[in-house]
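Please have the sequence and the model open as you read.

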Amino acid sequence: MDNIELNNITIEPKCKAMIGNGAGVFHQTMANVYVTATGYVLPCCWFGIQRRMTGLWKDSGIDKKYHNIHHYSMKEIIEGPIFEWIDNNMNGIEVCQSKCAKEERDRPL
């Protein structure tokens, strides 16, 4: 997940599920993922509310079982179709825009 630029807005993903992505001890030693109480694995906690998960399933057209720990391993999920779809469509996903976007005006002069 590289930075994505669109109309003076750069989305800087903080959610890449790999060790070392992010600041602090947790992110340097653990991977960024969020697992819901029902087993859905998501790239961040911002996706973890029902309306966002429902939107993800609807928009991607991917069966929700493909990111549920009760059906697939963590590795299979992270390398699977939901995470790939999010990576490829990040610039059009509302939660990514609202939580990870940096606009040109946010940069120091």
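Which residues are exposed on the other side of α2? They are Arg51, Lys58 and Asp59, where exposed means over 50% relative accessible area and buried under 20% (1.4 Å probe, protein chains only).

## About the model

This is a predicted model, in which local features need pLDDT of at least 70, side-chain atom pairs count only at pLDDT 80 or more, and totals for chains, interfaces and linings use all residues. Residues are numbered from 1 along each chain as its sequence is written, and side-chain values use heavy atoms, with hydrogens and water left out.

## Helix α2

Helices here are DSSP runs (H or I, at least four residues), as are strands (E, at least two), numbered from the N terminus. The buried residues of α2 are Arg52, Met53, Leu56, Trp57 and Ser60. They line one face of the helix, because they fall within an arc of 135° seen down its axis, taking directions from the axis to the C-beta atoms.

The cover over these buried residues includes β4, α4 and α5. After α2 comes Gly61, with a positive phi near 75°.

## Helix α4

In α4, Ile82, Phe83, Trp85 and Ile86 are buried. Their arc is within 160° down the axis of α4, so these residues also line one face. Among the elements covering them are β4 (41-42), α2 and α3 (74-78).

How values were computed: Contact = heavy atoms within 4.5 Å.
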